[in-house]
Amino acid sequence: MPPLLSSLSLSVFLFLFFFSPACLAHNITRILAKHPDFSTFNHYLTLTHLAAEINRRQTITVLALDNAAMSSLLAKQLSIYTLRNVLSLHVLVDYFGTKKLHQITDGSTSTSSMFQATGSADGTSGYVNITDTKGGKVAFGAVDNDGKLNAVYVKSLVEIPYNISVIQISQVLNSAEAEAPTAAPTLNLTAIMSRQGCKAFADLLIASGAKDTFEENLDGGLTVFCPTDTVINGFMPKYKNLTAAQKVSLLLYHGIPVYQSLQMLKSNNGVMNTLATDGANKYDFTVQNDGEEINLQTKVITAKIMGTIKDEEPLVLYKIDKVLLPRELFKEAAPAAPAPKSTKRKKATADSPEADAPSDEDPADQTADDQNGVGRLDGGRLTMVTVALCLGVMVFL
């Protein structure tokens with residue numbers, strides 16, 4: 001093969017490899033948002049926190065239920081925790097595209113679902129049987145459904161080999177184990193904080209009564225930013241000067257009523273409402289990341305996330321290096337004094353106000369939203385591709 005042709009072949013290979021959808025992150029919420037007939041299924045994947053679990057996994061198959069199938073499931077009035085088990089049975093921890101479904105060895109296989117993989121299922125009841133029937137149809141059934149395959153393949157919504165496959169099945173998989181009543185998880189919020197260097201903050205939550213509001217929000221998802229004991233002890237003189245109502249608002253300001261993992265915080269920079277947010281009382285702050293560092297900006301003070309205490313949906317707890325001071329209770333930080341005028345215009349540096357100012361660009365505009373709900377390549381990967389292509393040309397010329 002001529003050197004130039006070899007070089008071009010290598011370049012094409014590298015381009016296809018790095019730009020392949022399989023190399024990109026998937027987002028099940030965006031994928032299903034393009035299919036209105038699955039809006040209810042999409043909503044409950046988010047509500048049960050399964051969407052975040054799906055997005056974190058590298059190889060996954062989602063057995064999607066349309067709105068009609070979801071209506072029959074919701075008619076059973078299952079608790080949100082039981083509903084999570086049922087829906088997790090419809091998330092397979094292996095890739096099954098249309099082609100693979102019709103090429104199953106011996107025509108039948110059993111595969112683990114997220115219900116099984118997370119340890120929620122008893123025994124092997126979290127496995128799903130898949131059978132390519134003689135009539136050309138592909139049938140599905142839970143292992144604990146007495147061998148009955150009660151759902152069939154309808155169509156493929158999205159396939160990104162071998163990353164994610166989203167296919168529609170005709171109805172909900174029957175499983176007595178998945179539909180068994182499930183109690184709410186028991187989490188002692190203040191006990192967890194106390195064991196991880198945030199006992200002073202936990203004691204304030206208990207003494208003020210703010211603890212109840214935090215716990216009431218656990219079911220739907222909760223993110224808590226805990227100042228360490230040293231930080232709280234140094235802040236106590238200011239804290240004692242607040243009224244009882246102000247103390248509660250300050251403490252609630254350290255909680256967000258949604259689950260936000262570190263990765264989610266990094267990708268969702270912007271304004272966040274808190275447990276203290278109430279109508280005209282905004283009590284919000286801005287999340288801004290600088291590389292791996294995540295800062296919380298209140299316009300009064302900027303705190304940094306120092307580490308994770310606990311991350312187990314629906315709860316995540318972080319340690320922070322300062323008490324978050326809302327502008328509703330404390331004076332905003334004075335703007336930096338302008339630099340002396342100079343005859344020469346200086347370029348903004350990393351320490352200048354211009355460099356520190358948050359971007360006015362809407363984070364939504366920075367988020368990829370292509371046809372299959374797959375993120376675009378970042379600059380680092382694009383640079384890697386460019387270098388690889390150039391090296392390929394240099395080697396073979």
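## Helices, rings and loops

Reader: In which helix is the place of valine 248?

Author: This is a predicted model, in which local features need pLDDT of at least 70 and side-chain atom pairs count only at pLDDT 80 or more, whereas totals for chains, interfaces and linings use all residues. Residues are numbered from 1 along each chain as its sequence is written, and side-chain values use heavy atoms, with hydrogens and water left out. Helices (DSSP runs of H or I, at least four residues) and strands (DSSP runs of E, at least two) are numbered from the N terminus. On this numbering, the helix that holds valine 248 is α13.

Reader: What is the relative accessible area of valine 248?

Author: With a 1.4 Å probe and protein chains only, buried means under 20% relative accessible area, exposed means over 50%, and partly exposed is in between. Valine 248 counts as partly exposed because its relative accessible area is 23%.

Reader: Which residues does valine 248 touch, not counting residues up to four places away in sequence?

Author: From C-alpha to C-alpha, valine 248 is 8.1 Å from leucine 205, although the two are 43 residues apart in sequence. Contact means heavy atoms within 4.5 Å, and, with residues up to four places away in sequence set aside, valine 248 touches Ser208 and Ala210.

Reader: What percentage of the residues of the chain count as buried?

Author: The chain has 16 helices and 14 strands. Among its contacts between residues at least 6 apart in sequence, 65% join residues at least 24 apart. Of the 397 residues in the chain, the share that counts as buried is 40%.

Reader: How many aromatic pairs does the structure hold?

Author: Rings of Phe, Tyr and Trp (its six-membered ring) pair if their centres lie within 6.5 Å, and planes under 30 degrees apart count as stacked, over 60 as edge-to-face and the rest as tilted. By this rule, the number of aromatic pairs in the structure is 6.

Reader: At what angle are the planes of the rings of phenylalanine 235 and phenylalanine 330, and where in the chain does phenylalanine 330 lie?

Author: The ring centres of phenylalanine 235 and phenylalanine 330 are 6.3 Å apart and their planes are at 55°, so this pair is tilted. The pair links distant parts of the chain, 95 residues apart, with phenylalanine 235 in helix α12 (residues 229-240) and phenylalanine 330 in the loop between β14 (315-320) and α15 (353-356). Phenylalanine 235 counts as buried at 9% relative accessibility, and phenylalanine 330 counts as buried at 16%. To restate what was asked, phenylalanine 330 lies in the loop between β14 and α15, and the angle between the planes is 55°.

Reader: Which parts of the chain hold tyrosine 253 and tyrosine 283, and how far apart in sequence are they?

Author: The rings of tyrosine 253 and tyrosine 283 have centres 6.1 Å apart and planes at 70°, so they form an edge-to-face pair. Tyrosine 253 lies in the loop between α13 (244-252) and β9 (255-256) and tyrosine 283 in the loop between β10 (270-272) and β11 (285-290), so the parts that the pair ties together are separated in sequence by 30 residues.

Reader: Which residues in α6 do Phe41, Tyr44, Leu45 and Leu47 in α3 meet?

Author: Axes are lines fitted to C-alpha atoms, for helices over the stretch in contact, with angles from 0 to 180 degrees between N-to-C directions; the axes of α3 (residues 39-47) and α6 (residues 80-88) come within 10 Å and cross at roughly 115°. Phe41, Tyr44, Leu45 and Leu47 in α3 meet, in α6, Ile80, Leu83 and Leu87.

Reader: How many of the residues of α6 are buried, and which are they?

Author: Helix α6 is largely enclosed by the rest of the structure, because 7 of its 9 residues are buried. These buried residues pack against α3, α4 (50-56), α5 (67-74), β2 (91-92) and α8 (114-117). They are Tyr81, Thr82, Leu83, Asn85, Val86, Leu87 and Ser88.

Reader: What is the value of omega at the cis peptide bond?

Author: Tyrosine 162 has its place in the loop between β6 (151-160) and β7 (164-169). The cis peptide bond joins proline 161 and tyrosine 162, with omega at about -20°.
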